[in-house]
Amino acid sequence: MCVVSFKDSEGFRHSVEVVAESLYEAVAIAARNFAEAGCPPTSGTQIDIEVRAPAVTHTITLNRVSAWVNGVAKSPKDKVLKDRLKELLSALP
């Protein structure tokens, strides 16, 4: 479990708890949740990922996640994951 958050252009922090197997998956799931709640992050938004057990925080931009998702898959498993994350990110403007 991890908490994914970002600060919007007005300085408000938005966060959501998600269960994911990777940082990219956590961002994609959270971005979809934020979009559904009416507060989608923009492509250059810095996103913080706090892993709860053990507690670790990572920071990544949505651009970086999009670049990884749209990059070449190294295996069939990687392709399936990237396709699923593309679907999650498709809800963003």
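In this predicted model, helix α1 passes helix α3 in a left-handed crossing. The axes of these two helices come within 8 Å and cross at roughly 25°, and α1 and α3 are therefore roughly parallel to each other, as the angle falls under 35 degrees.

**Helix α1 against helix α3**

- On the α1 side, the contact is made by Tyr24, Glu25, Ala28, Ile29, Ala31 and Arg32, and these meet Arg84, Leu85, Glu87, Leu88 and Leu89 on the α3 side.
- Sorted by class, the contact of α1 with α3 holds seven nonpolar and four charged residues, with no polar residue among them.

**Helix α2 against helix α3**

- Helix α2, which covers residues 62–69, packs on helix α3, which covers residues 76–89, at an angle of about 135°, and the two axes are 9 Å apart.
- That angle makes α2 oblique to α3, and the crossing in which α2 passes α3 is left-handed.
- From α2, the residues Leu62, Val65, Ser66, Trp68 and Val69 take part in the contact, where they meet Asp78, Leu81, Lys82, Leu85, Lys86 and Leu89 of α3.
- The residues of this contact of α2 with α3 divide into seven nonpolar, one polar and three charged.

**The largest nonpolar core**

- In soluble globular proteins, nonpolar side chains tend to be buried together.
- The largest nonpolar core of this model has 25 residues, of which Val4, Val18 and Leu89 touch the most other members.
- Two or more residues are given to this core by each of the strands β1 (2–7), β2 (13–18) and β3 (46–52), and likewise by the helices α1 (23–36), α2 and α3.
- The largest share of the core comes from α1, which supplies nine residues.
- Once its neighbours within four places in sequence are left aside, valine 18 is in contact with Met1, Cys2, Val4, Ala26, Ile29, Ala30 and Asn33.

- Valine 3 lies in strand β1, and because its relative accessible area is 11%, which is under 20%, valine 3 counts as buried.
- Although valine 3 and glutamate 50 are 47 residues apart in sequence, their C-alpha atoms are 5.1 Å apart in space.
- Apart from its neighbours within four places in sequence, valine 3 is in contact with Ser15, Val16, Glu17, Asp48, Ile49, Glu50 and Arg52.
- Serine 5 also lies in strand β1, and with a relative accessibility of 9% serine 5 counts as buried.
- The C-alpha atoms of serine 5 and isoleucine 49 are separated by 6.6 Å, while the two residues are 44 residues apart along the chain.
- With neighbours within four places in sequence again left aside, the residues in contact with serine 5 are Arg13, His14, Ser15, Phe34, Gln46, Ile47 and Asp48.

Methods:
Residues numbered from 1 in each chain as written. Predicted model: local features only at pLDDT ≥ 70, side-chain atom pairs only at ≥ 80, totals over all residues. Heavy atoms only, no water. Axes fitted to C-alpha atoms, helices over the stretch in contact; angles between N-to-C directions. Helix = DSSP H or I, 4+ residues; strand = E, 2+ residues; numbered from the N terminus. Parallel < 35°, antiparallel > 145°, perpendicular 65-115°, else oblique. Left-handed = near helix turned anticlockwise from the far one by under 90°. Contact = heavy atoms within 4.5 Å. Nonpolar A, V, L, I, M, F, W, Y, C, P; charged D, E, K, R; others polar. Core = buried A, V, L, I, M, F, W, Y, C linked by side-chain atoms within 4.5 Å. Buried < 20%, exposed > 50% of the residue type's maximum accessible area, 1.4 Å probe, protein only.
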